[in-house]
Amino acid sequence: MTARDAGAPLGPVGYCIYCGARDCALTDEHTIPDGLGGKTKLLKSSCEKCQKIINDEIENYCQKTLFKNPRLHFGIRSEKSKRKKVPPDPATVRIIDGAGDERIIYPNLDKYPLMLTLPMFPPPIAMRRDFQSNREESGAKWVYGSNRIQRYVTENQLTAVKSPLVDPLRVLRLVAKIAHSHAIGLYPGMFTPLLRAIILGNTAKCFRYVGGDMREWPPESCGQRLSYFQARRAADGQMFLGAEVRFFCNMGAPIYYALVGRISRQSPPDLDLPVREGVLRLPGTIPEFL
Ligand SMILES: [Zn+2]
């Protein structure tokens with residue numbers, strides 16, 4: 001665990017942590033998005049172009065579609081919307097009614113169940129023994145609240161409630177974005193970054209450095225969680241800086257892993273982090289709560 005206060009700003013960086021641009025206006029960047037309750041800012045760290053890609057392609061989708069229902073249920077709002085006193089968007093749900101017609105309803109949140117669907121991923125390919133193979137990955141879906149949704153459908157004489165579109169690649173890019181940006185702030189210059197192409201959507205090899213854990217883990221008493229560790233690849237001893245990211249831990253959501261960067265084996269930096277063989281979770285590691 002680091003000694004810094006949770007929420008204290010990191011940086012300033014002085015270049016865009018995504019594309020490397022230096023001679024341009026740089027904005028401050030929330031490491032965990034503001035709209036998911038993230039407090040930590042990485043100062044002067046993102047150019048306008050990259051910020052727009054991240055907002056348009058990753059964060060807007062995750063906050064307004066994928067995580068919309070739990071955000072409303074737990075009252076998580078961005079600082080910006082609180083400051084501007086913008087009323088929260090109403091809960092909207094696309095349903096198929098009893099007559100078979102699809103439409104949008106505005107349910108009362110007290111009566112509408114808490115629900116969330118997320119992808120589950122196997123561990124990143126780069127950590128496997130056969131890390132040089134290009135075998136396609138397959139994941140699974142994790143669903144919270146399906147029994148309660150079924151009850152809601154029956155009680156309201158509906159045919160179905162449509163769940164938000166789950167786009168695994170955008171979830172994966174969000175995990176990469178959080179892990180990369182916070183690591184640049186905490187461990188500047190101590191690793192060779194691996195996630196920038198994934199974050200910007202410039203590579204098809206997303207599962208190489210980002211993945212997860214296909215097992216179910218019990219809920220924890222926090223919202224979003226981010227912690228770092230060092231991972232040693234069993235096949236050749238290559239060391240990585242790894243991150244463990246979990247959204248809505250209180251709902252028991254899946255755990256994701258990102259290999260943020262390579263660490264030099266010849267002159268390893270003093271990261272003061274637990275070393276894991278592989279990326280599977282080990283008991284006794286201390287998570288860093290943000
Ligand atoms: Zn940039």
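Q: Which residue takes a positive phi in the hairpin of β3 and β4?
A: Glycine 100 does, with a phi near 90°, and the hairpin has five residues between its strands. This is a predicted model, in which local features need pLDDT of at least 70, side-chain atom pairs count only at pLDDT 80 or more, and totals for chains, interfaces and linings use all residues. Residues are numbered from 1 along each chain as its sequence is written.

Q: Why are β3 and β4 said to pair?
A: Two strands pair if DSSP finds at least two bridges between them. Strand β3 (residues 93-96) and strand β4 (residues 102-105) have four bridges, in the antiparallel sense, and therefore meet this rule. Within the pair, arginine 94 stands opposite isoleucine 104 of β4. Strands here are DSSP runs of E with at least two residues, helices are runs of H or I with at least four, and both are numbered from the N terminus.

Q: What makes β4 and β7 the edge strands?
A: The open sheet has three strands in the order β4-β3-β7, with antiparallel pairing. β4 and β7 each pair on one side only.

Q: What makes a set of residues a nonpolar core?
A: Such a core consists of buried Ala, Val, Leu, Ile, Met, Phe, Trp, Tyr and Cys residues joined through C-beta atoms within 7 Å. A residue is buried if 20 or more other C-beta atoms lie within 10 Å of its own, exposed if 12 or fewer, and partly exposed in between, with C-beta atoms placed from the backbone. The largest core has 65 residues, and Val175, Ala179, Val210, Ala258 and Val260 have the most contacts inside it. Its largest share, 10 residues, comes from α5.

Q: Where is the kink in α1 centred?
A: The kink, of about 45°, is centred on asparagine 55. The bend at a residue is the angle between axes fitted to the seven residues ending there and the seven starting there.
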